[in-house]
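Subject: Structure for you to look at

Hi,

Here is the structure I said I would pass on.

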Amino acid sequence: MSELPPHVVRNRAVWDAWAPDYAGPGEASWARSHPTWGIWGVPESELALLPDDLAGKDAIELGCGTAYVSAWMARRGARVVGIDNSAAQLATARRMQQRHGLDFPLLHGNAEEVPLPDASFDFAISEYGACLWADPARWVPEAARLLRPGGRLVFLVNSYLMALCTPDEEGVAATDRLRRPAFGLYRLEYPGDSGVEFHPSHGDWIRLLRAAGFEIEDLIEVRPADGAATRYPFVTLDWARRWPCEEVWKVRRRS
Ligand SMILES: C[S@@+](CC[C@H](N)C(=O)[O-])C[C@H]1O[C@@H](n2cnc3c(N)ncnc32)[C@H](O)[C@@H]1O
């Protein structure tokens, strides 16, 4: 295992500090029998992130945080592994495993370099995990390596448009103004104590995914329901009803 890259070291410190704020929401998500996704809680029946046939399959969550997505997959009969860069997030995950009587491996590590053999999984997923906080040039090929031919990768993350419109000031919601150039964005660091995010353009994603051996099956621009609510201050419902603030990529490893 090589030394952690600087953005991973920084994101580890940031997420260890933020973990207490994610414990309560994580507990609520663990208790949910029907998955809901992203900051607006869009139902699984609308987005279909999880395959119908997870029972008996090997699945990995890349940047699992409190691991509620892993729990939903385990309850559907998958053999699940979660990996996360934050020991503090994983502490919540382990507490939830005990509370809910579910046991699956939780690895403390970098999703850009997973200590597991090639072709170990049928399905990989990330909801605001590695897909936002790890370098796509590193974690996407790693996901391809971990998947068996025909295996699927699904991830949900802030939209590229959202990244262009989010103000630098913490807690201030996006407006209809472009705040930063699109060309050359890729890596984004807000001022202050925030971590390092990655926001490739759609063209960048397509090239990265295809070069890693994936075929793109879908790109869903998520639209919350009228009346939906979020605990996050960086986007309003009015904005999210007019422009996509989240997107879901569904890709399949070429056979
Ligand atoms: C927002 S949480 C995602 C979990 C959950 N789905 C959620 O939305 O709360 C982001 C997680 O990504 C993890 N993370 C960041 N960089 C990572 C990396 N390079 N490898 C693995 N996990 C990483 C963080 O430690 C954090 O727990």
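Gln-89 puts a polar side-chain atom 2.9 Å from an oxygen of the ligand. Bear in mind that this is a predicted model, so everything here is computed from it. Tyr-68 has a side-chain N or O atom 3.1 Å from a ligand oxygen, while the side chain of Asn-110 brings an N or O atom to 2.9 Å from a ligand nitrogen.

The shell around the ligand comes to 18 residues, with Asp-84, Gln-89, Asn-110, Ala-111 and Glu-127 the closest. By type, the shell splits into eight nonpolar, eight polar and two charged residues.

Next, the cysteines. I went looking for disulfides and the count is zero. As a reminder, a disulfide is a covalent bond between the sulfur atoms of two cysteines. For Cys-131, the closest cysteine sulfur belongs to Cys-64 and sits 13 Å away, so the two are too far apart for a bond. Cys-245 is in no disulfide either: the nearest cysteine sulfur, in Cys-165, is 11 Å off. Cys-131 comes out at 0% and Cys-245 at 2%.

Then there is helix α6, which runs over residues 136–146. Its buried residues are Pro-136, Trp-139, Val-140, Glu-142, Ala-143, Ala-144 and Leu-146. When you read that list, remember that an α-helix has 3.6 residues a turn, so residues three or four places apart point the same way. At the start of α6, Asp-135 reaches a side-chain oxygen to within 3.0 Å of the backbone nitrogen of Ala-137.

Last one: Leu-164, in helix α7 (residues 160–165). Is Leu-164 buried or exposed? Its relative accessibility is 8%, so Leu-164 counts as buried. Leaving aside residues up to four places away in sequence, Leu-164 touches Arg-177, Leu-178, Arg-179, Arg-180, Pro-181, Ala-182 and Leu-185.

Cheers

Conventions:
Residues are numbered from 1 along each chain as its sequence is written. This is a predicted model: local features need pLDDT of at least 70, side-chain atom pairs count only at pLDDT 80 or more; totals for chains, interfaces and linings use all residues. Side-chain values use heavy atoms; hydrogens and water are left out. A residue is near a molecule or strand if one of its heavy atoms lies within 4 Å of it. A polar contact is a pair of N or O atoms within 3.5 Å; within protein, one must be able to donate a hydrogen and the other to accept it, and residues adjacent in sequence count only if both atoms are side-chain atoms. Ala, Val, Leu, Ile, Met, Phe, Trp, Tyr, Cys and Pro count as nonpolar, Asp, Glu, Lys and Arg as charged, and the others, Gly among them, as polar. Helices (H or I, at least four residues) and strands (E, at least two) are DSSP runs, numbered from the N terminus. Buried means under 20% relative accessible area, exposed over 50%, partly exposed in between (1.4 Å probe, protein chains only). Contact means heavy atoms within 4.5 Å. A disulfide is a pair of cysteine sulfur atoms within 2.5 Å.
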